[in-house]
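Colleague: Could you take me through how you read a model like this one, feature by feature? I would like the general idea first and the particular case after it.

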Amino acid sequence: LAHEVRNPLGSLELFAGLLADALAGQSELQPWINHVQAGLRSLAATVNNVLQFHSQPSAKLFPVDLRRLVGDTVDFLRPLARQKEMHIKWRAPNAPVSILADPSRLRQAFFNLALNAFRAMKPGGTLAVKVSPRVKGPRHTVVVVFSDEGSGIRAENLERIFEPGFTTQSSSPGLGLAVTHKVIEQHGGTVRVKSQEGRGTTFTLTLPLAGQ
């Protein structure tokens with residue numbers, strides 16, 4: 001079913017993008033375009049989570065510029081942010097950051113974290129996204145941080161958030177964080193989460209640089 005949905009969905013996303021370009025000068029129509037693109041991208045995220053969790057083979061990794069990959073993901077997320085009257089603050093490193101990655105899977109992991117942030121925040125909230133390489137001992141890594149200003153996660157739920165099917169949102173199937181955790185592990189990385197009720201949540205993804 002997910003495969004059948006994904007094929008026409010890809011065409012709809014393409015045509016929605018072309019429509020957005022064609023109507024770029026008509027500001028009164030922009031909210032409608034935002035709603036169409038946001039709805040399609042949310043649906044695509046759900047379909048891709050099902051496919052990645054249930055039917056994807058081992059990841060095939062090759063050199064990728066993480067700075068560009070995260071930047072492209074942020075651009076892809078902007079219609080969702082505009083629809084929900086939220087903001088994205090993106091801090092990119094000065095130079096390219098090379099890692100071994102499966103771009104589509106890693107993009108899906110980032111998308112899932114952003115969707116969770118949007119669900120947790122009220123209009124006017126900001127999602128901060130940052131990429132920063134670091135040297136720690138003999139292993140060189142890069143850190144990707146998604147930090148929101150949402151409602152936070154209850155302490156008793158923190159240990160369960162990566163379980164498939166666990167969700168506190170009635171509209172969510174509970175696969176997003178499970179898929180994100182699985183994808184980051186496939187890339188040899190780790191996921192840490194810090195959260196405080198009423199103050200927000202920060203996910204920190206640590207990935208090895210290419211050659212490590």
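Predicted model: local features only at pLDDT ≥ 70, side-chain atom pairs only at ≥ 80, totals over all residues.

Colleague: Which residues have the most contacts inside the largest nonpolar core?

Modeller: The general idea is that, in soluble globular proteins, nonpolar side chains tend to be buried together. Here the largest nonpolar core has 43 residues, and those with the most contacts inside it are Leu66, Ile99, Leu106, Phe110 and Phe118. Several elements give two or more residues to this core, among them helix H3 (66–83), strand E3 (98–101), helix H4 (103–120) and strand E7 (200–208), while the largest share, 9 residues, comes from H4.

Colleague: What does Leu66 touch, leaving aside residues up to four places away in sequence?

Modeller: With those set aside, Leu66 touches Val97, Ile99, Leu106, Phe110, Val131, Val142 and Val144. There is also a second, separate core of 7 residues, which includes Leu40, Ala44, Val47 and Leu51.

Colleague: How should I read the strands, and which residues make up the covered face of E3?

Modeller: For a strand, I look at its faces and then at its partners. In E3 the covered face consists of Ile99 and Ala101, whereas Ser98 and Leu100 form the uncovered one. Strand E1 (residues 62–65) pairs with E3 in the antiparallel sense over 4 bridges, and within this pairing Asp65 has Ser98 as its bridge partner in E3.

Colleague: Why is E7 described as largely enclosed by the rest of the structure?

Modeller: Buried here means under 20% relative accessible area, and 8 of the 9 residues of E7 are buried, so E7 is largely enclosed by the rest of the structure. E7 pairs in the antiparallel sense with E5 over 7 bridges, where Val145 stands opposite Thr204, and strand E6 (residues 190–196) also pairs with E7 in the antiparallel sense over 7 bridges, with Thr202 as the bridge partner of Lys194. E6 and E7 form a hairpin with 3 residues between them, and Gly198 in the turn has a positive phi of about 80 degrees.

Colleague: Let us turn to charge; how many salt bridges does a search of the whole structure find?

Modeller: In general, side chains of opposite charge can pair when their charged atoms come close. The search finds 3 salt bridges in the whole structure. One of them joins the side chains of Arg78 and Asp75 at 3.7 Å, N to O, and because these two are 3 residues apart in helix H3, they are separated by about one helical turn. Arg78 counts as partly exposed at 29% relative accessibility, and Asp75 counts as partly exposed at 48%.

Colleague: Are Asp102 and Arg105 buried or exposed?

Modeller: Both Asp102 and Arg105 are buried, and their side chains meet in a salt bridge of 3.5 Å, N to O. Arg160 forms a salt bridge with Glu163, with the closest N and O atoms 3.2 Å apart; Arg160 is partly exposed, with a relative accessible area of 38%, and Glu163 counts as partly exposed at 34% relative accessibility.

Definitions and conventions: Residues numbered from 1 in each chain as written. Heavy atoms only, no water. Core = buried A, V, L, I, M, F, W, Y, C linked by side-chain atoms within 4.5 Å. Buried < 20%, exposed > 50% of the residue type's maximum accessible area, 1.4 Å probe, protein only. Contact = heavy atoms within 4.5 Å. Pairing = 2+ DSSP bridges. Salt bridge = Lys/Arg side-chain N within 4 Å of Asp/Glu carboxyl O.
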